[in-house]
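Dear colleague,

Here is the structure that I promised to hand over to you. Please look at it first, and then read the notes below, which go through what was found in it.

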Amino acid sequence: MSEITLESIEHLSLLSRIALTEEQKKQFAQDMQDIVSYVDLLQEVEVDGTPLCHNVLDTLLHTPQREDIVGETLERSDFLNSAPKQVAGLVEVPTIL
Amino acid sequence: MTYKLPAHEIADKVRKKELSAKEVTLSFLAQIEEKNPSLNAFLRTHNEKALDKAKKIDSKKEPLGRLAGVPIAIKDNINITGELTTCGSKILSNFKAPFNATVIDLLEKEDAIIIGKTNLDEFAMGSSTEHSAFGPTKNPWNLHTSPGGSSGGSAAAVAARLAPLALGSDTGGSVRQPGALCGIYGSKPSYGRISRYGLVAFGSSFDQIGPFAHSAKDIALITDVMSKHCPKDSTSISFDLEPLTPHLEDSLQEKTFGVPWQFIENLEEEFATSFKESLKVFESLGAKIVDIDLSLLKYSISMYYILSTAEASTNLARFDGIRYGYRSEKADSLNDVYYLSREEGMQDEVKRRIMLGTFVLSAGYQDAYYKKAQKVRTLLIEQYKRAFEKCGLILMPTSPYKAFEIGSIKDPLQMYLADIYTIGANLAGLPAMSVPSGFTSEKLPIGLQIVGPHLKDEKVCNAAFLFEKETGYNTHTPLG
């Protein structure tokens with residue numbers, strides 16, 4: 001069984017880009033340990049030779065393709081208006097370099 | 001008493017000019033104004049737009065559409081141009097959708113009136129509608145209890161007759177379980193039947209938009225309107241599907257229903273008695289009941305919480321404080337924009353699921369969790385196919401619990417178990433509907449679940465309709 005430690009929570013916090021308080025780290029370690037222990041039930045199922053489920057429906061086996069023609073798109077302003085900050089027609093972010 | 005009418009009757013009367021769309025809209029808006037403050041089912045209503053649309057419908061010269069003048073409530077994770085789509089989250093609290101979901105276009109084309117947006121568990125992650133940044137929704141049958149979730153706002157709205165129809169989304173039971181707890185119909189159509197374009201993604205291989213109504217006929221009506229191939233959703237079925245409405249009256253004589261007895265043996269007594277009574281109703285309609293093997297459903301919650309969180313962890317990566325919604329004021333570096341906006345903008349259940357999904361996909365764990373679950377999913381789909389060789393439809397309870405008190409389930413894993421009977425249909429992409437099938441001794445609703453083979457939604461709705469004609473549980477309302 002996998003053990004969820006405070007270090008693993010800190011690693012997951014980094015990978016998922018979510019800051020956590022010390023209290024949350026402890027709580028999440030406990031919650032996730034409970035959940036992971038529960039889902040470990042799956043390990044008893046014999047799956048040798050079984051393919052991964054890539055598609056729920058047999059009808060979805062092929063990815064549909066469309067002609068390479070420009071279709072309708074949203075206005076630039078529609079995208080920009082969704083952003084928290086914009087400047088000179090661009091999304092504004094803090095200095096990167 | 002316009003607000004008590006089912007949707008198909010409203011549409012008929014509006015088409016025949018016996019009722020105006022304006023009268024209908026005003027009737028429902030008055031109900032919302034009176035009852036919503038105690039229910040918190042709607043997050044907001046679109047009064048002006050709705051009345052404008054009603055006016056246009058009333059003055060239209062051409063024949064009116066199939067949903068003429070029918071007000072419809074929309075879960076707040078489905079986009080409507082120019083309106084807020086918050087997903088019940090602070091991180092999207094100021095996000096206005098720049099485009100319509102395909103379902104909104106299809107409903108409006110048939111002269112429906114989009115009346116407002118309804119509450120949900122944040123990003124549709126939950127089974128109680130308690131985990132919304134905008135407060136919990138209450139169950140109209142008992143205001144101390146939860147309406148279920150995550151589409152609890154839509155379910156409570158239809159149950160309390162604040163709208164004749166509503167849309168929700170069902171990733172693991174989020175339409176059927178609140179349907180059961182609120183005593184109404186809640187349907188999860190087959191995966192691929194209804195376009196997901198414009199539905200904010202949670203678990204893309206599970207998500208399906210589904211309707212709530214107080215009659216099976218209304219479920220058929222709105223499902224038929226929304227069943228259309230959509231090139232903007234690559235999983236949308238591209239061939240013609242059988243409509244539901246023409247099959248409502250099909251006979252159930254000699255039809256076989258399967259029950260996975262082994263899987264539901266621990267059902268509470270009151271629920272077991274109700275379930276057995278429902279089976280007798282189908283037998284009285286000429287159907288046969290047989291035992292089927294769905295032993296892999298024992299693993300459905302395990303599979304679901306590995307696969308849906310894995311998908312959610314990637315789908316929700318886009319909410320990073322850069323392109324939409326909320327950005328932390330405290331952030332002064334790019335990394336802090338990500339970390340702090342997500343920390344401040346999302347609540348614990350969403351964070352827990354993103355981190356769990358990240359865990360099952362991370363190096364060293366992917367084979368043991370993600371890939372293992374994908375393989376068991378393949379086996380479950382095969383097991384369903386074998387079951388459907390023995391029966392035409394499957395009958396199960398919808399929920400293992402009646403409506404529970406708000407705040408009473410604190411352990412996340414206990415909350416996940418609320419979906420034990422519904423998740424299977426999402427794992428296999430099957431059509432499934434919760435049907436009102438009785439009441440507990442405290443007069444809280446009980447739901448029966450009917451599950452069909454891939455794309456055979458018309459058979460599910462047919463059985464639901466005939467069951468309704470025999471039992472009439474849908475005529476009970478929490479209005480007294």
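In chain A, if we take the contacts (heavy atoms within 4.5 Å) between residues at least 6 apart in sequence, 34% of them join residues at least 24 apart. Please keep in mind that this is a predicted model, in which local features need pLDDT of at least 70 and side-chain atom pairs count only at pLDDT 80 or more, while totals for chains, interfaces and linings use all residues. Residues are numbered from 1 along each chain as its sequence is written, chains are lettered from A and ligands numbered from 1 in the order in which they are written, and side-chain values use heavy atoms, with hydrogens and water left out.

Chain A has 3 helices and 2 strands (DSSP runs, H or I of at least four residues for helices and E of at least two for strands, numbered from the N terminus), and along the sequence they follow the pattern α-α-α-β-β. The radius of gyration of chain A, which is taken over C-alpha atoms, is 23 Å, well over the 13 Å that the globule rule gives for 97 residues, so chain A is more spread out than a compact globule. That rule is 2.2 Å times the number of residues to the power 0.38.

Turning to the interface, 66 residues of chain B are in contact with 53 residues of chain A. The two chains bury about 5,300 Å² between them, 71% of it on carbon and sulfur atoms; buried area here is the accessible area (1.4 Å probe) that two parts lose on being put together, summed over both. On the side of chain B, the residues that lose the most area to chain A are B:Tyr339, B:Met355 and B:Lys372, together 14% of what that side buries.

The rule finds 3 salt bridges across this interface (a side-chain nitrogen of Lys or Arg within 4 Å of a carboxyl oxygen of Asp or Glu). The side chains of A:Glu44 and B:Lys298 meet in a salt bridge, at 3.1 Å from N to O.

Finally, there is one residue of chain B to look up. B:Ser437 lies in strand E10 (residues 432-439) of chain B and is buried, with a relative accessible area of 5%, where buried means under 20%, exposed over 50% and partly exposed in between (1.4 Å probe, protein chains only). Leaving aside neighbours within four places in sequence, B:Ser437 is in contact with several residues, including B:Ser274, B:Phe467 and B:Tyr473.

With best wishes
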